[in-house]
Amino acid sequence: MIARMPSTVTNIAIDCANAYRLARFWSDVTGHPLDPEDEPGDDETEIMLPGGPALHFNEVPEPKSAKNRLHLCLRPDTSRDAEVERLLKLGASLVADHRKPDGWGWVILADPEGNEFCILLAESERAALSS
C-alpha cells in the first residue's frame with residue numbers, strides 16, 4: 001500500500017515577458033506588496049498572499065499564444081461591477097462579460113500580458129441574490 005502524503009500549493013507561477021511590471025499590476029489588483037527584495041529588471045518576482053500561495057512571476061522568452069488552461073478567480077470586497085471598473089483603470093482588458101440580467105454571473109478580464117482571470121460576485125452580493 002502506498003502512503004498518501006498530500007502536496008501543498010506554495011505558489012501559482014505566471015509566465016510573462018516582464019516579471020516586475022506584471023507583478024506590480026497584480027500587487028495593485030490584490031492590495032499586497034511585491035517581495036521587498038524584488039526590483040525592476042528581476043526575471044522572477046513574487047507577491048505573498050496572506051493565508052494562501054504566492055503569486056510567482058517568471059520571465060519566459062515566448063509570448064502567450066492561447067487561452068489560459070488555468071486562471072485565477074477573484075472575489076472582491078466591494079462589488080463585482082466596481083472591481084471590474086477599478087481593474088480596467090489599472091490596465092486590465094475586457095475579454096468576456098457573463099453578467100446576467102438577474103444579477104448573477106462573472107466577468108473575464110485579462111492582465112496587461114493577456115492572462116485571463118475572472119471577477120466574481122462579492123459575498124454580500126451573493127447573499128443578497130440568494131435571499
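Colleague: What makes β2 and β3 antiparallel partners in this model?

Modeller: In this predicted model, strand β2 (residues 44–47) runs antiparallel to β3 and is joined to β3 by four bridges. Two strands count as paired if DSSP finds at least two bridges between them, and with four bridges β2 and β3 therefore qualify as a pair. Among the residues involved, Glu 44 stands opposite Asn 58 in β3, while Ile 47 has Leu 55 of β3 as its bridge partner. In the hairpin that these two strands form, six residues lie between the strands, and Gly 51 takes a positive phi near 70°.

Colleague: How do you know that β1 and β3 pair, and in which sense, parallel or antiparallel?

Modeller: Strand β1 (residues 11–16) and strand β3 (residues 54–59) are linked over six bridges in the parallel sense. Since at least two bridges are needed for a pair, the six found here meet that requirement, so β1 and β3 are called paired. One of the residues concerned is Ala 13, whose bridge partner in β3 is His 56.

Colleague: Why is the pairing of the three-stranded sheet called mixed?

Modeller: The order in this open sheet is β1-β3-β2. β1 and β2 are the edge strands, each pairing on one side only, and the twist from one strand to the next averages 20°. Helix α1 (residues 19–30) lies across β1, β2 and β3, and runs at about 10° to β2.

Colleague: What makes β4 and β5 edge strands in the other sheet?

Modeller: That open sheet has four strands in the order β4-β7-β6-β5, again with mixed pairing. β4 (72–74) and β5 (93–97) each have a single partner strand, so one side of each is left without a neighbour in the sheet. Neighbouring strands here are turned by 30° against each other on average, direction ignored. For β5, the pairing with strand β6 (residues 107–110) is antiparallel over four bridges, and within that pairing Ala 96 stands opposite Ile 108 in β6.

Colleague: How do you know that the buried residues of α2 are on the same side of the helix?

Modeller: The residues in question, in helix α2 (residues 80–90), are Arg 80, Glu 83, Val 84 and Leu 87, and each is called buried because its relative accessible area is under 20%. Around the axis they cover an arc of only 105°, which puts them on the same side of α2. The elements that cover these buried residues include α1, β6, β7 (116–119) and α3 (123–130). Just after α2, Gly 91 takes a positive phi of about 120°.

Colleague: Which residues are closest to the centre of the largest pocket, and which element gives the largest share of its lining?

Modeller: The volume of the largest pocket is about 410 Å³. Of the 20 residues that line it, Ala 13, Ile 14, Asp 15, Asn 68 and Asn 115 are the closest to its centre. The largest share of the lining, five residues, comes from β1.

Terms used:
Residues are numbered from 1 along each chain as its sequence is written. This is a predicted model: local features need pLDDT of at least 70, side-chain atom pairs count only at pLDDT 80 or more; totals for chains, interfaces and linings use all residues. Side-chain values use heavy atoms; hydrogens and water are left out. Axes are lines fitted to C-alpha atoms, for helices over the stretch in contact, and angles run from 0 to 180 degrees between N-to-C directions. Contact means heavy atoms within 4.5 Å. Buried means under 20% relative accessible area, exposed over 50%, partly exposed in between (1.4 Å probe, protein chains only). The arc is that of the directions from the helix axis to the C-beta atoms. On a 1 Å grid over the protein atoms alone, a cavity is a set of points where a 1.4 Å probe fits but cannot get out, and a pocket is an open set with protein on both sides within 12 Å along at least five of seven lines; lining residues have an atom within 4 Å of a point. Grid points are joined across faces, edges and corners, and a volume is the space filled by probe spheres set on the points.
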